[in-house]
Amino acid sequence: MKSLEDLKKMREAALKKVEMREGGKDYRVVVGMATCGIAAGARPVLNKLVEETAEKDYNCVVTQTGCIGMCVYEPIVEVYGKDGSHTTYVHVDADKATKILEEHIGKGHIVEEYTVDAVKALEG
Amino acid sequence: MIRTNVLCCAGTGCTSSRSGEIFDNFNKYLKEYGLDEEVRVIKTGCFGLCQRGPIVAIYPDKVFYNYVKPEDVEHIVAEHLLKGRVVTELELSEEDMKTGEKILDIDKIKFYEKQERIALRNCGKINPEDISEYIAMDGYAALGKVLTSMEPQEVIDVVKASGLRGRGGAGFPTGVKWQFEKDQPGNEKYVICNADEGDPGAFMDRSILEGDPHAIVEGMAIMAYAVGAHQGYIYCRAEYPIAVHRLNIAINQAKELGLIGKNIFDSGFDFDLEVRLGAGAFVCGEETALIASIEGKRGMPTPKPPFPAVSGVWGKPTSINNVETLANVAQIIMKGADWYSAIGTEKSKGTKVFALGGKIKNTGLVEIPMGTTLREIIYEIGGGCPNNKAFKAVQTGGPSGGCLTERELDTPIDYDNLVAAGSMMGSGGMIVLDEDNCMVDVARFYMEFITDESCGKCSPCRIGTKRLLEMLTKITKGEGTLEMLDEMEELCNEIKDTALCGLGQTAPNPVLSTLSHFRDEYVAHIVDKKCPAGVCKDLLTYSIDPDLCKKCSMCSRACPVGAITGVPGKEPYVIDTEKCIKCGSCMAACRFGAVVRK
């Protein structure tokens with residue numbers, strides 16, 4: 001290491017290792033990972049979310065939670081905003097997860113068609 | 001891809017309660033549950049709340065588990081890490097005093113709420129054995145800034161303006177110390193980090209070295225640049241194996257990256273650093289004795305002047321700074337002198353780390369802004385004395401300090417206030433004493449420590465402290481006289497005036513301060529032949545109240561010397577005071593409170 005530039009590069013590369021301990025992200029993306037969630041395919045969803053977030057540097061942390069109580073709608077992904085907003089996405093798969101990150105976290109647009117209200121309305 | 005970090009405390013306290021096994025178990029069960037690709041387990045430094053260790057923190061969930069046992073790990077993996085359900089029974093929490101609500105947010109818990117972590121900022125946050133994590137926390141940026149854009153004098157000016165004072169105890173202004181050395185002629189100069197933490201009950205420096213060793217490496221490199229030194233020594237006691245191990249890792253990693261060595265940051269500045277081990281002699285915390293020990297000589301002090309800044313290690317100009325002082329340096333460079341001097345009191349800037357111990361609920365490590373009161377530390381952060389016992393005194397400054405009582409609890413803590421109150425800041429040990437502690441016994445304990453640790457070079461310390469110990473021992477045995485109190489006071493003052501080094505000059509402080517605050521306890525030992533706190537064995541007698549005795553025989557079965565006789569169910573039990581060794585086993589065994597200690 002010979003310059004401040006080198007140090008800065010190393011710091012940026014290392015930040016990934018520690019940033020999840022710092023907090024301060026705009027969104028918290030929570031995946032239901034109880035038995036019902038796992039059985040319905042929550043694990044690939046979680047993996048996709050973690051991978052994409054790391055790769056594209058989305059402004060969120062991805063974590064998991066237990067059974068939300070709507071097992072029939074699993075896999076469920078909830079998005080909590082810093083402003084107190086709360087959106088529940090249901091029947092999520094890896095592709096839908098990618099889109100939620102792109103639209104909701106990336107641009108701030110809720111993906112209405114995947115939300116619990118929209119799915120419930122569709123199913124009548 | 002890593003989605004979760006599990007941070008296991010690997011400080012000395014938690015390690016001794018098996019946090020190493022916890023770390024291994026996490027790795028084992030994560031593998032078993034197929035999560036080892038997603039969850040990373042990291043050993044980190046002290047979280048501070050040692051009382052509740054071992055502590056495990058899980059991020060990004062920001063969940064803290066306390067009192068974790070190796071057996072709990074599988075449950076945490078299966079529940080929290082696999083299914084996302086927090087294991088509430090292990091969660092670190094606190095009951096709100098007013099509403100009775102359970103507080104889980106770590107930042108809102110009283111123990112942490114009043115703290116401001118500067119020297120401890122990375123402890124419990126990063127892996128101390130991984131330089132890249134330190135760099136991620138803006139590590140070595142201060143060194144880079146200093147070497148590429150500041151003159152040595154500018155560095156010293158910033159440190160002077162920050163108001164930083166030596167955290168080893170005496171509180172000498174750090175910038176002024178550096179200036180002395182810089183102004184010395186010659187090219188061969190040295191810097192030393194004093195990591196010979198020896199006060200009984202003090203573990204601040206150890207925790208910093210274990211939790212954030214790179215902060216010390218960086219601080220030393222900055223100091224070396226400022227004063228014009230090219231070689232540094234960290235003098236650490238061999239009794240701190242984890243700290244020594246991590247320091248060596250840190251130095252090697254810094255060397256590999258070229259952050260230590262030749263031509264650092266292409267600035268032409270060379271700096272080399274090594275750890276020198278001490279054998280744990282208390283006197284080697286005294287700077288001239290420390291220098292002698294580094295040079296391979298017997299650790300004995302020499303008269304000052306010449307001060308180390310003029311003639312230190314190998315007879316060359318040397319600056320010696322304490323661990324905690326150095327841990328502040330990089331932060332001051334990055335955030336500026338104004339930021340630092342805005343924290344604290346008029347004459348004592350910044351924060352101070354204390355090791356809370358003794359009769360206190362939350363034993364551990366705390367960092368508070370100067371000017372916080374003792375009451376806030378002991379009651380709000382520390383949680384007060386356990387078992388509803390009454391607070392008696394707090395001992396600060398170790399064997400060189402003194403006791404402060406209820407009356408001084410609202411004194412804002414800074415160097416000058418503590419000296420005015422008859423104690424001293426010291427390196428930061430804070431031992432809380434309650435009604436069950438005998439102050440004469442406390443004074444005797446410290447004097448015994450001093451007589452063990454006195455190097456023997458000068459007679460006031462070698463002989464004087466021995467005479468003090470003899471008198472104190474007599475008093476605890478009920479053989480003292482009232483004249484002894486005056487003799488002790490006179491002797492204390494003579495030792496203070498004539499001893500060669502700081503160890504001897506401050507050694508009488510525990511005696512003087514207990515004499516002035518607790519003279520009545522000394523008098524009770526001498527005149528009434530009683531120890532009011534019930535500690536001094538020679539002044540105690542155990543007996544059994546025949547009216548309360550239920551003749552159950554528990555006491556006689558507990559007695560290790562067969563001093564208690566009676567007939568079960570028929571005759572009350574009696575203690576033979578000739579045979580009794582005053583161990584207290586009968587008192588602990590009796591369920592009816594029939595054993596009386598007077």
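This is a predicted model: local features need pLDDT of at least 70, side-chain atom pairs count only at pLDDT 80 or more; totals for chains, interfaces and linings use all residues.
Me: How is burial to be read, and what percentage of the residues in chain A is buried?

Reply: A residue is buried if 20 or more other C-beta atoms lie within 10 Å of its own. Of the 124 residues in chain A, 36% are buried.

Me: In which order do the four strands of the open sheet in chain A stand?

Reply: Two strands pair if DSSP finds at least two bridges between them. Here the order is β2-β1-β3-β4, with mixed pairing. The edge strands of chain A are β2 (60-65) and β4 (86-89), each of which pairs on one side only. From one strand to the next, the twist averages 20°. Strand β1(A), residues 27-32, pairs with β2(A) in the parallel sense over six bridges; A:R28 has A:V61 in β2(A) as its bridge partner.

Me: Which strands of chain A does helix α4 lie across?

Reply: Helix α4(A), residues 94-107, lies across β1, β2, β3 (77-81) and β4 of chain A. The direction of α4(A) runs at about 15° to β3(A).

Me: What is the strand order of the open sheet in chain B, where five strands are involved?

Reply: The order is β9-β10-β8-β7-β11, again read as a sheet with mixed pairing. Because β9 (261-264) and β11 (318-322) of chain B each have a single partner strand, they stand at the edges, and one side of each is left without a neighbour in the sheet. Neighbouring strands are turned by 25° against each other on average, direction ignored.

Helix α11(B), residues 241-256, lies across β8, β9 and β10 of chain B, at about 165° to β10(B).

Me: How are two packed helices described, and at what angle do the axes of α7 and α13 of chain B cross?

Reply: Two packed helices are described by the angle between their axes and the distance between the axes. The axes of α7(B), residues 152-162, and α13(B), residues 323-335, come within 10 Å and cross at roughly 100°. Angles of 65 to 115 degrees count as roughly perpendicular, and α7(B) and α13(B) are therefore roughly perpendicular to each other. On α7(B) the contact is made by B:V158, B:V159 and B:S162, and on α13(B) by B:V329, B:I332 and B:I333. By class, five of these residues are nonpolar, one is polar and none is charged.

Me: How many residues of chain B are in contact with chain A?

Reply: The contact involves 28 residues of chain B and 25 residues of chain A. On the side of chain B, the elements that give two or more residues are α3 (73-83), α5 (131-136) and α6 (141-149). The largest share, four residues, comes from α5(B). This side of chain B divides into 13 nonpolar, six polar and nine charged residues.

How values were computed
Residues are numbered from 1 along each chain as its sequence is written. Chains are lettered from A and ligands numbered from 1 in the order in which they are written. Axes are lines fitted to C-alpha atoms, for helices over the stretch in contact, and angles run from 0 to 180 degrees between N-to-C directions. Angles under 35 degrees count as roughly parallel, over 145 as roughly antiparallel, 65 to 115 as roughly perpendicular and the rest as oblique. Two residues are in contact if their C-beta atoms, placed from the backbone, lie within 7 Å. Ala, Val, Leu, Ile, Met, Phe, Trp, Tyr, Cys and Pro count as nonpolar, Asp, Glu, Lys and Arg as charged, and the others, Gly among them, as polar. A residue is buried if 20 or more other C-beta atoms lie within 10 Å of its own, exposed if 12 or fewer, and partly exposed in between; C-beta atoms are placed from the backbone.
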